[in-house]
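Here are my notes on the side chains, jotted down while going through the model. Have a look at the structure first, then read on.

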Amino acid sequence: MIEFACGSMNAAGTLNLMTGCRGLFGDQGFRNLFVATAASAASVSIARIAIPLVAVLALDVGEFEVGLVSTFLTLPFLLIGLPAGVWVDRLRRRRILAFCQLARSVILISIPLCWWADLLSIWQLYATVLLFGSCNVFFDVAYQSYLPSLVGRDKVLEGNAKLVGVQQVFAVGGPSLGGQVVALLTAPVSFVVTSVGLAVASISIFRIRTVEKAPVRRPESRMLKDVAAGLRLVWRNARILAIAGSTAWLNVTSYAVYTVTMLFLARTLDLSPALIGLFLSVSGVGGLLGSFFSKRISEKFGPGPAMWLILLIGSPFALVLPFVDSGWSLWVAACANGFTAFMTVVYNVTQVSCTQALTPDEYLGRVNATMRFLTWSVMPAGSMLGGAVAGWLGSREALLVCAAAGCLAFLPILLSPLRGMRKFPSLSDENDAAPEDPEGAVARG
């Protein structure tokens with residue numbers, strides 16, 4: 001018997017076959033979200049290389065100041081991460097996404113404007129990335145919370161894989177493009193391009209016609225009480241808590257490695273912005289491949305084993321870069337970093353889908369905000385730590401220390417109930433009922 005990978009031939013015949021092949025792309029709302037994700041990913045990938053290069057090349061500051069730039073970018077997750085989740089649960093998430101994209105566009109355009117006015121300073125850069133990071137908090141929490149209501153819970157793994165896939169396309173091409181844009185326009189002026197891209201993303205989100213269910217706010221709802229409810233859901237679910245532990249450790253070490261990597265490539269190896277972008281693009285190919293294979297790996301091994309195994313196998317590849325120079329060995333390190341990127345994407349798609357599957361709709365904003373708070377609030381420490389260690393030991397030695405620390409990220413998941421979990425959990429599972437949530441939210445879900 002012949003079976004079709006996409007769709008099946010039945011009474012609807014050709015229509016079902018076409019719909020199956022298109023998958024979520026047959027949905028107008030998801031298509032617009034996909035376009036917005038692509039435009040945003042392209043813009044952010046350019047900004048990701050341009051922000052540290054503004055500090056390194058345009059302002060010529062030291063290693064610690066470069067680390068502080070990344071610190072201010074992620075500090076808002078620590079400062080406002082938990083309240084952001086409450087607001088996301090109280091408001092329509094599509095509007096939050098569109099507004100945040102527009103706000104990020106306006107904020108980043110201030111960098112070239114100050115540069116042309118000869119007003120750009122490291123303190124102005126700190127303020128800009130702090131505001132940009134604040135918008136990132138609301139955007140990321142709403143983005144993670146919006147997908148299940150847009151496509152349905154049964155399609156979140158497919159949706160996450162497709163969205164992460166387009167992000168990885170620009171993770172591959174974006175740094176190379178960003179390096180060329182920085183080389184052509186200078187680092188400050190390159191933010192004109194990122195601002196335009198973010199504005200396009202905002203328009204695409206406004207074009208989504210799928211009606212979003214209005215959030216219901218209970219009369220007794222209070223900020224602190226709602227924050228506490230999200231914290232309880234995470235704290236009392238051993239699986240979600242293990243994901244938070246592994247992700248937090250992965251993030252703190254990854255941000256330390258990234259901060260030192262930019263210093264290592266720009267100063268120790270004396271690479272041009274174009275070559276730095278090319279190096280990051282080669283590394284990003286692994287992330288693109290990871291988005292293609294993440295669904296298959298999660299389904300074959302089970303989400304639990306897939307998460308801890310991929311972290312165990314992939315993390316040591318980051319140890320290659322500290323031992324290379326600017327010759328051919330640099331590209332060996334780029335390929336090794338590509339496998340680390342493959343690992344990161346497979347892990348992220350799986351852990352995000354698992355968390356979404358465990359959380360009822362009315363709690364998605366708070367649980368995602370709590371997860372962001374626990375896992376992203378450590379990023380400022382990682383960036384600052386990377387810059388401090390580089391200033392103390394030198395960038396090559398700091399890379400080795402930070403990469404070695406990252407090899408321990410698999411332990412929280414390995415030592416938790418996730419270790420042997422072979423299928424994605426359901427809200428109807430007995431183990432996820434009232435005992436995990438004292439208010440019965442999960443059971444109601």
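1. Ground rules first. This is a predicted model, so local features need pLDDT of at least 70 and side-chain atom pairs count only at pLDDT 80 or more, while totals for chains, interfaces and linings use all residues. Residues are numbered from 1 along each chain as its sequence is written, and side-chain values use heavy atoms, with hydrogens and water left out.

2. Aromatics: the structure holds 7 aromatic pairs. Rings of Phe, Tyr and Trp (its six-membered ring) pair if their centres lie within 6.5 Å; planes under 30 degrees apart count as stacked, over 60 as edge-to-face and the rest as tilted. Take Trp123 and Tyr126: their ring centres are 5.3 Å apart with the planes at 85 degrees, so this pair is edge-to-face. Both sit in helix α7 (residues 122–151), 3 residues apart, or about one turn of the helix. Helices here are DSSP runs (H or I, at least four residues; strands are E, at least two), numbered from the N terminus.

3. Buried or exposed, what are Trp123 and Tyr126? Trp123 is exposed at 64% relative accessible area, whereas Tyr126 is buried at 5%. The cut-offs are under 20% for buried, over 50% for exposed and partly exposed in between (1.4 Å probe, protein chains only). Together with Phe72, these two residues form one aromatic cluster.

4. Further along helix α7 come Phe139 and Tyr143, 4 residues apart, again about one turn. Their ring centres are 5.5 Å apart and the planes meet at 25 degrees, so I'd call this pair stacked. Both Phe139 and Tyr143 are buried. Phe139 also has Arg104 over its face, at 4.6 Å from the ring centre (the test is NZ of Lys or CZ of Arg within 6 Å of the ring centre and within 35 degrees of the ring normal).

5. Asp325 lies in the loop between α13 (303–314) and α14 (329–358) and Arg396 in helix α17 (residues 395–406), so the bridge ties together parts that are 71 residues apart in sequence. Asp325 is partly exposed at 44%, and Arg396 is also partly exposed, at 25%.

6. Have a look at Thr375 in helix α15 (residues 364–376). Thr375 is buried, at 3% relative accessibility. A polar atom of its side chain lies 2.6 Å from the backbone oxygen of Met371. Beyond its neighbours within four places in sequence, Thr375 is in contact (heavy atoms within 4.5 Å) with Ala244, Thr247, Ala248 and Asn251.

7. On cysteines, a search of the whole structure gives 0 disulfides, a disulfide being a pair of cysteine sulfur atoms within 2.5 Å. For Cys135, the nearest cysteine sulfur is that of Cys100, 5.4 Å away. Cys135 is buried at 12%, but Cys335 is exposed at 53%.

8. Last one: Asp118, in the loop between α6 (93–116) and α7. Its phi is near 60 degrees, a positive value in a residue other than glycine. Asp118 is exposed, with a relative accessible area of 70%.

Note on methods: A polar contact is a pair of N or O atoms within 3.5 Å; within protein, one must be able to donate a hydrogen and the other to accept it, and residues adjacent in sequence count only if both atoms are side-chain atoms.
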